Amino acid sequence: MSHLITPAGATRAPTGPAPLGVGVPGLAHPLLAPTEWAGLLRCPPGAVHWTVLDVSNGPGTRPDPHCLPAVARLRETGVRVLGRLDVRLGTRPFAELISDAHRYLEWYRTDGFWLANCPADRALLPAVRRLAGALRTLCDGGHLVFGHGTHPHPGYAESADQLVTFAGRWADYRWSQVAEWTADYAPERFCHLVHSVPRTHLDEALRIARWQGAGTVCVTDRGAAAGAGEAEDAWASLPGYWDEIVSRIGPGVSE
């Protein structure tokens with residue numbers, strides 16, 4: 001069924017000219033991807049909503065001398081930097097997650113957290129609510145993005161600033177359906193991550209994001225390795241058409 005068709009009786013997600021911004025879910029380490037980190041600095045204010053810092057599957061064991069200046073420069077431009085916390089679908093101990101959060105805040109002064117592999121079912125909602133409450137206390141409100149990758153139980157929207165309700169291939173995204181309950185929320189509450197998008201379909205992908213009520217997107221021509229849990233390799237570098245994306249959602253990339 002096409003993404004432009006709403007089933008009978010369903011409520012369509014907000015459409016209209018809602019502004020889009022970019023979320024960057026997992027650039028490679030600044031030492032390995034200096035051009036990509038520099039590319040974020042060239043964007044006009046407001047174009048990049050946030051980027052995720054993953055030093056070594058988390059904050060690492062000590063402050064990284066390459067990440068420290070890269071994060072500081074990015075935060076100076078007004079881009080939120082989120083620390084990556086792998087929730088492992090609810091199986092990771094609460095104490096470990098809080099310990100990682102403390103290190104992110106102490107070393108990198110992150111503006112919030114990305115909960116990778118966040119569960120989506122109702123049964124684990126109380127545990128995620130507890131974690132979200134603790135994280136907000138630690139970072140004085142901070143920005144929380146739940147990396148579900150699918151539409152979760154609606155209750156998760158009460159604890160997150162944003163929910164990632166799609167993460168996957170263009171072949172699946174172009175025929176995806178938005179959950180009816182999302183129409184009750186503003187576009188800035190949702191994020192879509194789409195990989196393997198050909199340049200010729202970039203405009204179509206952005207139209208789908210707007211149609212489905214997403215306020216933040218990451219669209220890339222990079223592909224994911226077979227079996228990659230979060231398709232981290234697809235997000236490790238900026239898309240080949242990065243400047244084109246930014247020019248379509250804002251005033252353009254500064255020179």
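**Close-up views of a predicted protein model**

**View 1. The second largest pocket and its lining.** Thirteen (13) residues line the second largest pocket, and those nearest its centre are His-49, Gln-162, Glu-188, Arg-189 and Thr-216. The space in this second largest pocket amounts to about 170 Å³. Its lining comprises four nonpolar, five polar and four charged residues. The model is predicted, so local features need pLDDT of at least 70 and side-chain atom pairs count only at pLDDT 80 or more, whereas totals for chains, interfaces and linings use all residues. Residues are numbered from 1 along each chain as its sequence is written, and side-chain values use heavy atoms, with hydrogens and water left out. A pocket is an open set of points on a 1 Å grid over the protein atoms alone, with protein on both sides within 12 Å along at least five of seven lines; a cavity is a set of points where a 1.4 Å probe fits but cannot get out; lining residues have an atom within 4 Å of a point. Grid points are joined across faces, edges and corners, and a volume is the space filled by probe spheres set on the points. Ala, Val, Leu, Ile, Met, Phe, Trp, Tyr, Cys and Pro count as nonpolar, Asp, Glu, Lys and Arg as charged, and the others, Gly among them, as polar.

**View 2. The largest cavity.** One cavity of 30 Å³ or more is found in a search of the whole structure. The volume of the largest cavity is about 60 Å³. Its lining includes Val-24, Leu-27, Cys-218, Trp-235, Leu-238 and Trp-242. By class, the lining of the largest cavity has eight nonpolar, two polar and no charged residues.

**View 3. Val-24 in strand E1.** Val-24, one of the residues lining the largest cavity, is placed in strand E1 (residues 21-24). Helices (H or I, at least four residues) and strands (E, at least two) are DSSP runs, numbered from the N terminus. With a relative accessible area of 3%, Val-24 is buried; buried means under 20% relative accessible area, exposed over 50%, and partly exposed in between (1.4 Å probe, protein chains only). Leaving aside neighbours within four places in sequence, Val-24 is in contact with Leu-40, Val-48, Trp-50, Thr-51, Val-52 and Trp-242, where contact means heavy atoms within 4.5 Å. Val-24 and Thr-216 are 192 residues apart along the chain, with their C-alpha atoms separated by 9.6 Å.

**View 4. Helix H1 and Gly-39.** Glu-36, Trp-37, Gly-39 and Leu-40 are the buried residues of H1. They cover an arc of only 150° around the axis, which puts them on the same side of H1; the arc is that of the directions from the helix axis to the C-beta atoms. The cover over these buried residues includes E1, E2, H2 and helix H8 (242-249). Gly-39 has a relative accessible area of 4%. Beyond its neighbours within four places in sequence, Gly-39 is in contact with Leu-238 and Trp-242. Gly-39 and Leu-238 lie 199 residues apart in sequence and 8.2 Å apart in space, C-alpha to C-alpha.

**View 5. The buried side of helix H2.** Cys-67, Ala-70, Val-71 and Leu-74 are buried in helix H2 (residues 67-76). They cover an arc of only 95° around the axis, which puts them on the same side of H2. An α-helix has 3.6 residues a turn, so residues three or four places apart point the same way. The buried residues of H2 pack against helix H1 (34-41), strand E2 (48-53), strand E3 (80-86) and helix H3 (94-108). Gly-78 follows H2 and has a positive phi, near 95°.

**View 6. Aromatic pairs.** Ten aromatic pairs are found in a search of the whole structure. Rings of Phe, Tyr and Trp (its six-membered ring) pair if their centres lie within 6.5 Å; planes under 30 degrees apart count as stacked, over 60 as edge-to-face and the rest as tilted. Trp-50 and Trp-114 form a tilted pair, 5.5 Å centre to centre with 50° between the planes. Trp-50 lies in strand E2 and Trp-114 in strand E4 (residues 112-116), so the pair ties together parts that are 64 residues apart in sequence. Trp-50 is buried at 0% relative accessibility, and Trp-114 is buried with a relative accessible area of 4%. The ring centres of Tyr-104 and Phe-113 are 6.3 Å apart and their planes at 65°, so this pair is edge-to-face. Ring pairs link Tyr-104, Trp-107, Tyr-108 and Phe-113 into a cluster.
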